[in-house]
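Visitor: Could you walk me through this protein model, please? I am new to reading structures.
Guide: Gladly; here it is.

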Amino acid sequence: MSTQRVIVVMGVAGTGKTTVGQLLAEALGIPYAEGDAFHPAANVAKMSAGIPLDDADRWPWLDAIGEWIRNRAGLRSGVIAASCLKRVYRDRLRAAAPGAVFVHLSGERPLIEKRMAERKGHFMPTTLLDSQFAALEPLQDDELGVVVDVSGSPEDITERALAALRQLPAHEN
């Protein structure tokens, strides 16, 4: 796989986007960014209160991530974790950086709920998991990306992601 791509690690809350994203970036020797850090304070407050974000809340967040991706594209590449649950969100990021590739971390709801319940210090409550699954639109055949099962250890998941990414066609600038 070319490391001259920006990789967006996507999926519902609790799939391990941050952990796997960091491990992918480390394995590829490229920078990592946490998508949650791009949320305005109002979004974090809303989610912390158990209120799902709507599209109007997400557009500025996606635009900030898109700017980061655009600035990383080409020779500098990178990995960023961002839920990107809907096709329209991914399309918005691709508009900013057409070469972005998505790693969709996917798993069964009971496993993800268990992992969310075990997390410490994260603003996203398990009560929002239903809204996450309801909003999820899996990658479609015409979207550049891979789907990776989240069972097993973070290292196992990362290895599966790396193997799947290696199977993608070479990146064209």
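Visitor: Which strands does helix α1 lie across?
Guide: Helix α1 (residues 17–28) lies across β1, β2, β3 (78–81) and β4, and runs at about 165° to β2. The model is predicted, so local features need pLDDT of at least 70 and side-chain atom pairs count only at pLDDT 80 or more, while totals for chains, interfaces and linings use all residues. Residues are numbered from 1 along each chain as its sequence is written, and side-chain values use heavy atoms, with hydrogens and water left out.

Visitor: What counts as a helix or strand, and how is the angle defined?
Guide: Both are DSSP runs numbered from the N terminus, helices being H or I with at least four residues and strands E with at least two. Axes are lines fitted to C-alpha atoms, for helices over the stretch in contact (heavy atoms within 4.5 Å), and angles run from 0 to 180 degrees between N-to-C directions.

Visitor: What is the strand order in the sheet?
Guide: The open sheet of five strands has the order β2-β3-β1-β4-β5, with parallel pairing, where two strands pair if DSSP finds at least two bridges between them. Its edge strands, β2 (32–34) and β5 (145–149), each pair on one side only.

Visitor: And over how many bridges do β1 and β4 pair?
Guide: Strand β1 (residues 6–10) and strand β4 (residues 101–106) pair over four bridges, and Val9 stands opposite Val103 in β4.

Visitor: New topic: is Arg58 buried or exposed?
Guide: Arg58, which lies in helix α3, is buried (under 20% relative accessible area, with exposed over 50% and partly exposed in between, using a 1.4 Å probe and protein chains only), because its relative accessible area is 12%.
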